[in-house]
Amino acid sequence: TATAAELKQIDKMRTDEAHYIARGHRSRREARLSERELRSTLGVARSNRAEEHIGREVATIPDLAKVEAYIAADLPVGVRTQVKEMMAQMYFDMLPDHSALKRQMKREGVHGEDTDMRRVFAASSISGAHHISRLKYANDLSSAMVDVRKDGRLGETQRMLSNELAKRTVLAMEAEHHPIVDRVMQASYFSHLGMSPAFILTNLTQVPMITAPWLGARHGFANASQALASAFTDTAQLVKATYEGKGWKDGWRAEFDWTSKFPEGTNEDKLFRDLLDRNLLDITMEHDLTAVAEMRSTKLDTAIKIANLPVRVSETMNRAVTGLATYRLGRANNMTHEQAVDYAAKALSETQLNYSGLNSARHMQSVLGSKALARLMMQFRKYQQGMVYLVAKNAYDAFATSGATAEEKRIARRTLAGLFGTTGIMAGALGLPFAGTVGFVVGLVGGAGGDADEPFDTEVEFRNFLTDMLGADTAAVLAKGLPTLLDLDLSKRVGLGDIGSPLPFLRQGRTGTEQVGNVLVASAGASMATVASIYDGMSYLADGQYRKAGEKIVPIKAAQNLLRGWRYTDDGLTNVNGEVVVPAEKFSVWDITLRSMGFQPMREAEYYAANQAVEGAKRAAQDVRSRLLRKFAQARIRGEDTAGIDADIAEFNTRHPEKGVRIDVSSKVRAIAARRKLAQERDEAGVKSDRATRPFVAEGRFAAP
């Protein structure tokens, strides 16, 4: 047995590949003899044996059984075995790193066989999974595509489907693995969702808001609610976060263990195993596999894993409850086990969604020819895609003149009614499916042919209409849902109003350049938004607004929310210049608690909405007013006729008779005087030289004639 000092020396030696001796043998006996030889001649202090069982792998090589049957009649057994082994070796040589064992022997700096074998297995799985799948299923895909092309000749719809499947097949055959992109996406995932109580709580509403209407339309809402409640009670005992191990960084993990409640062989056990194989149950598994593969064991990585546990638990809970409830309802309706499992998989795919890459829209799988870029840009967009599909599919089935049976139409109508009902209750009229898209179209129609100084904003008009008719409190409930009674605005978080928007989180810019920049940032995905936020934080830091700078610079949503709640306690709500717009005493303890959790209190939400409405209307009127005065002054200075401009000014004054906005005679006189003074203050190079700029004019002396 090696001493501690010897073990330390061994670990040090193992970081140098010169100290490795790797041999492969065809039998255990040969391996033991080789080990004795090495021990006797070299005095090896420690040896590791790794066995590869390739028999089962050889048996599953694509079409090998067909080849063996083909040559069996003409070749003797010994030769046939050699041919089989030769084909197996050729197959293994085509794999990315030949084998997990070779990958391990090449690696330097091993610290313990158990940990390293897990890392080797994970790394080999990630790098080789796509390649192995392509080798195994390429023939099946090719055969399927032959049939698809035959069907494509039957008509226009079949031809379109054939072409689309052909393009998707090409994408499926292309593999792109970028460790840097994986790290960026994991960091972005943690930044936006990890440890955020607001996300976890709103994520848990997906079952009652999305799944319940889907099941209720098919089995009655009472039966669906009862099945979901029963499934939740059972599932709550299965999802756990456990701690096992010697050190804090080794033992944290989330697990979904149903073996005690549903022993092996039971229907529920078979259900969960099948859903796990379809990647519809524990969808965050690949994050763990990547972390193990890259041997990430720093305290930061462990902290990220621990922080992501609540998100993982909530997501797994949603999926387990949905799958179990749907399966039981299916069995109660006389479905076989296999039919009920497929039914549960369908419910999960349509209400909790299938987040696999192949289930994405084709244009979301590759952007500018890059899958890596698509992954970055489309992060957090698959939920939007899934909700668009869910609503659009049921709307089509409900109202299409053909293609759906009477029962399917009834179910689709009930599903839509349920979805509109749950989102209306929790998110109000503004959170109804496609409400934002409808509002955008209405805004275009309402603003068409209108005046530039009176923009038509559908949401502002709608909310003001409700307020005038019913009062502010009732109007807020109708517009944003029942949570407003708790001083909470969930309309954006749980509503489906913006699912039709290509850029739902786009900020409006004041200038064309600013707007283009906002579009680019919104298009680039969540990770780029984090970079932009950090840049904004640096600006606040330079301006001395340290608390607001911290909220922007710290790339963790949970920390940002805590910092903002702390700032509201002391400073209240401030604008970009640090000026107080809502004093701290206006925020209650409940408001601060909501803000610290990541929710938006109604006081804050209403300020931003109202301020945007006021500033938008003011900016539009001021822009038109400034343009009219500029044109009038320039025409007068040049000695041109101003009759047409005077008519435009008269119309503007009719729309805006308010003092300070309307253009009177004194406004015209001041505009002319200002432009004449400006012309006099410019030097020969055209640089302005008034009282404010005169001390700095010397800096531009290089432009003097």
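This is a predicted model: local features need pLDDT of at least 70, side-chain atom pairs count only at pLDDT 80 or more; totals for chains, interfaces and linings use all residues.
A residue counts as buried when its relative accessible area is under 20%, as exposed when it is over 50%, and as partly exposed in between. By that rule D487, at 23% relative accessibility, counts as partly exposed.

- D487 is placed in the loop between α24 (472-480) and β3 (488-489), and its phi is positive, at about 60°, although D487 is not a glycine.
- L353 likewise has a positive phi, of about 75°, without being a glycine, but this residue belongs to helix α17.
- With a relative accessibility of 4%, L353 counts as buried, whereas D487 counts as partly exposed at 23%.

**Nonpolar cores**

- In soluble globular proteins, nonpolar side chains tend to be buried together.
- In this model the largest nonpolar core has 51 residues, and the ones with the most contacts inside that core are L215, F256, L271 and F272.
- At least two residues of this core come from each of the helices α11 (206-219), α12 (221-235), α13, α16 (309-332), α17 (337-353), α20 and α21 (406-427), and the largest share, eight residues, is supplied by α17.
- Leaving aside residues up to four places away in sequence, L271 touches G323, L324, Y327, H337, V341 and A344.
- Another core lies apart from the largest one; this other core has 13 residues, among them V624, L628, F652 and I672.

**How α17 and α20 pack**

- Two packed helices are described by the angle between their axes and the distance between the axes.
- For α17 and α20 the angle is about 115° and the axes are 8 Å apart, which makes α17 roughly perpendicular to α20.
- Where these helices meet, E350, T351 and L353 of α17 are in contact with K382, Y383, G386, M387, L390 and K393 of α20.

**Aromatic rings and charges over rings**

- The structure holds five aromatic pairs, and one of them is formed by F262 and F272, whose ring centres are 6.2 Å apart and whose planes meet at 50°, so this pair is tilted.
- F262 is in the loop between β2 (252-256) and α13 (267-277), while F272 is in helix α13 itself, so the pair ties together parts that are 10 residues apart in sequence.
- F262 counts as buried at 7% relative accessibility, and F272 counts as buried at 0%.
- W258 joins F262 and F272 in a cluster that is linked by ring pairs.
- Elsewhere, charged side chains sit over rings: R547 lies over the face of W566, at 4.0 Å from the ring centre, and the charged end of K668 is over the ring of F632, 5.0 Å from the centre of that ring.

**The surroundings of F380**

- F380 lies in the loop between α19 (371-377) and α20 (382-399), and at 36% relative accessibility F380 counts as partly exposed.
- Apart from residues up to four places away in sequence, F380 touches S188, Y189, H192, L193 and A526.

Technical notes
Residues are numbered from 1 along each chain as its sequence is written. Side-chain values use heavy atoms; hydrogens and water are left out. Rings of Phe, Tyr and Trp (its six-membered ring) pair if their centres lie within 6.5 Å; planes under 30 degrees apart count as stacked, over 60 as edge-to-face and the rest as tilted. Helices (H or I, at least four residues) and strands (E, at least two) are DSSP runs, numbered from the N terminus. Buried means under 20% relative accessible area, exposed over 50%, partly exposed in between (1.4 Å probe, protein chains only). A charge sits over a ring if NZ of Lys or CZ of Arg is within 6 Å of the ring centre and within 35 degrees of the ring normal. Contact means heavy atoms within 4.5 Å. A nonpolar core is a set of buried Ala, Val, Leu, Ile, Met, Phe, Trp, Tyr and Cys residues joined through side-chain atoms within 4.5 Å. Axes are lines fitted to C-alpha atoms, for helices over the stretch in contact, and angles run from 0 to 180 degrees between N-to-C directions. Angles under 35 degrees count as roughly parallel, over 145 as roughly antiparallel, 65 to 115 as roughly perpendicular and the rest as oblique.
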